[in-house]
Amino acid sequence: MGSLLRVSAALKQGQITPTELCQKCLSLIKKTKFLNAYITVSEEVALKQAEESEKRYKNGQSLGDLDGIPIAVKDNFSTSGIETTCASNMLKGYVPPYNATVVQKLLDQGALLMGKTNLDEFAMGSGSTDGVFGPVKNPWSYSKQYREKRKQNPHSESGDSDWLITGGSSGGSAAAVSAFTCYAALGSDTGGSTRNPAAHCGLVGFKPSYGLVSRHGLIPLVNSMDVPGILTRCVDDAAMVLGVLAGHDPKDSTTVHDPINKPLVLSSLADVSKLCIGIPKEYLVPELSSEIQSLWSRAADLFESEGAKVIEVSLPHTSYSIVCYHVLCTSEVASNMARFDGLQYGHRCDIDVSTEAMYAATRREGFNDVVRGRILSGNFFLLKENYENYFVKAQKVRRLIANDFVNAFNSGVDVLLTPTTLSEAVPYLEFIKEDNRTRSAQDDIFTQAVNMAGLPAVSIPIALSNQGLPIGLQFIGRAFYDQQLLTVAKWFEKQVQFPVIQLQELMDDCSAILENEKLASVSLKQ
Amino acid sequence: MWARALWLGLRAPLGGPRCFTSKTDPQGSGRITAEVIEHLERLALVDFGSREAVARLEKAIAFADLLRAVDTDGVEPMESVLEDRCLYLRSDNVVEGNCADELLQNSHRVVEEYFVAPPGNIPLPKLDEQEPFPHS
């Protein structure tokens, strides 16, 4: 019962009721609590929604494929009546009075909101390790596939201390879907935040074209690059959710008016002989793990052996895209974070001497180092004397990067094929050896140029690594060719037959893990 | 240039125009002087908090300096990937609102229908009037 569409069919046929499905997922959420995927579990809300969904099914009035389906939402999307924190002290206790448009669309289709998932604070990070509610653990750390490989390694330690990160910043959403606690989850994608954890957690992570899906209610990081992202266990599910979410929103003037096929059903590609796949040569970097390089190469070979044309293309400004992203991102962040002053919502400090002192102290207390660092960097680049040399310069480089993609597509390429990440998921203890900015610069390398150009992209899990961990590859399409991109991705998914995560031991062992954690925390206190 | 407008807006309540002499190297080599620190802290209303944070900013600037190597002669800055499209505005009809109560509920300090702020136009103390990095 992994696929959303299959469980939806089961609901329609009465093989399972929405309440049973909801209970099952709630129970799994409880069992996997140690993953720390959820910040808020909206149990009562979900059960009530399940009840209403059940009534609709009984009366033969189901709303569609999403009716009665448990979903989760990243905690930087506003949800009416449900705390929305962005994993930050600044918004702890903040209860939005409205739903983000994408959340509303899901609810209007009868989806069950299981809860709000964990992330890096304000979606800044590539590990889901920097939020105030703690890091998210990758369910694959507890999979049979990974543990069996580790037993074979004489140097591996026993116990839970070397659990793996999910990637980020939508790590909570990825963990939630990967651990079967929901059938789809919303993430956000500004530099790869949906695709990166998808690759590390063995999921489909889809980033729509900029302008296709409304950002109203998505607490903004970089207005010119943010998009809501979709995490599912298979491509058809992602397409279905996209069909629900896509479309012009009068509340978001950056959404386009182009008509979208609704519902979005992907055709099955009979053959790929008419397809042209582009391999950007600049993406072959020394830091890329040899395993992923080899899988990338095999994927290209697969397309070629099935009749597709596979050519090398050049995106010459690739090496500058991380720097460009760094400047533009921090600059927009400096602006977007200015709204948090403690006055109308969010955290407020106790100082009452002056407005300035109150704002400064509120922001010092509310934001973590990563957020503050980006605000200060952004303000530096936006200083009058720096504006031309940094911000405007970066905007010019952005155009060059976007043009690189346009040129590649104009040369006859339909879809680009690249790695998603440099390596498989790493242990948390290793990940935190470098600071957030360094990590983000490293980990976003294949994903953020796509955000700068506003293109659609999707990470598809291809195979398990030698350590038994998921590896994903990325497909990038032309702007607003999301459906075509997903069609190619669906074909590829069928070819590679990525294995299902085996978590049975996890369910049995989770109580043991909780015990270990308690013991660990006791020993730390001594 | 809404980012710039917001920056100007944020400066306004801090007691009017100031004459900050720019101490940043015209090439922006990233040497952060005390004056720049103070200037940024007032603009951002976020403090550095520690020497590590200043070092991190210097690294961020050095990183950004890599952009100089790109030849952008004749290239127009790109503000939005949707620049070739029309922006559609909503018609000017009031269709929602009247939610003052809901909005006021999220604030910590409210009097009737007002958000309560401490007095404004009081500048933050100068850097030499406070301890360096009191919160490191």
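The following paragraphs describe a predicted model with a chain A and a chain B, beginning with their interface. Local features are given only at pLDDT of at least 70 and side-chain atom pairs only at pLDDT 80 or more, while totals for chains, interfaces and linings use all residues. Residues are numbered from 1 along each chain as its sequence is written, chains are lettered from A in the order in which they are written, and side-chain values use heavy atoms, with hydrogens and water left out.

The interface draws 76 residues from chain A and 69 residues from chain B, where contact means heavy atoms within 4.5 Å. The size of an interface is often given as the accessible area lost when the parts come together. Here the two chains bury about 6,500 Å², of which 63% lies on carbon and sulfur atoms; this buried area is the accessible area (1.4 Å probe) that two parts lose on being put together, summed over both. On the side of chain A, E356(A), L376(A) and R399(A) contribute 11% of the area buried against chain B, more than any other three residues.

The side chains of D352(A) and R109(B) form a salt bridge, at 2.7 Å from N to O. Several elements of chain A give two or more residues to the side that touches chain B, among them helix 10 (318-336), helix 11 (355-366) and helix 12 (369-381). Helices here are DSSP runs (H or I, at least four residues), as are strands (E, at least two), numbered from the N terminus. Helix 13 of chain A gives the most to this side, with 13 residues.

Within the chains, aromatic rings form a further set of interactions. Over all chains, the structure holds 17 aromatic pairs, that is, rings of Phe, Tyr and Trp (its six-membered ring) with centres within 6.5 Å, counted as stacked with planes under 30 degrees apart, edge-to-face over 60 and tilted for the rest. F303(A) and F492(A) make a stacked pair, 5.7 Å centre to centre with 5° between the planes. F303(A) belongs to helix 9 (residues 290-305) and F492(A) to helix 17 (residues 482-496) of chain A, so the pair ties together parts that are 189 residues apart in sequence. F303(A) is buried, at 0% relative accessible area, and F492(A) is buried at 0% as well; buried means under 20%, exposed over 50% and partly exposed in between (1.4 Å probe, protein chains only). The rings of F340(A) and Y345(A) are edge-to-face, because their centres lie 6.2 Å apart and their planes meet at 80°. F340(A) is buried at 4%, whereas Y345(A) is partly exposed at 22%. Both belong to one aromatic cluster that includes Y94(A), F122(A) and F367(A).

Chain B has four helices and two strands, arranged along the sequence as α-α-α-α-β-β. Of its 136 residues, 31% are buried.

Some backbone features remain. Most residues other than glycine have a negative phi, and most peptide bonds are trans. A cis peptide bond, with omega of about 10°, joins G168(A) and S169(A); S169(A) lies in the loop between helix 5 (144-151) and helix 6 (171-178) of chain A. In chain B, L45(B) has a positive phi near 50°. L45(B) sits in the loop between helix 2 (34-44) and helix 3 (51-64) and is buried, at 4% relative accessibility.

Methods: Salt bridge = Lys/Arg side-chain N within 4 Å of Asp/Glu carboxyl O.
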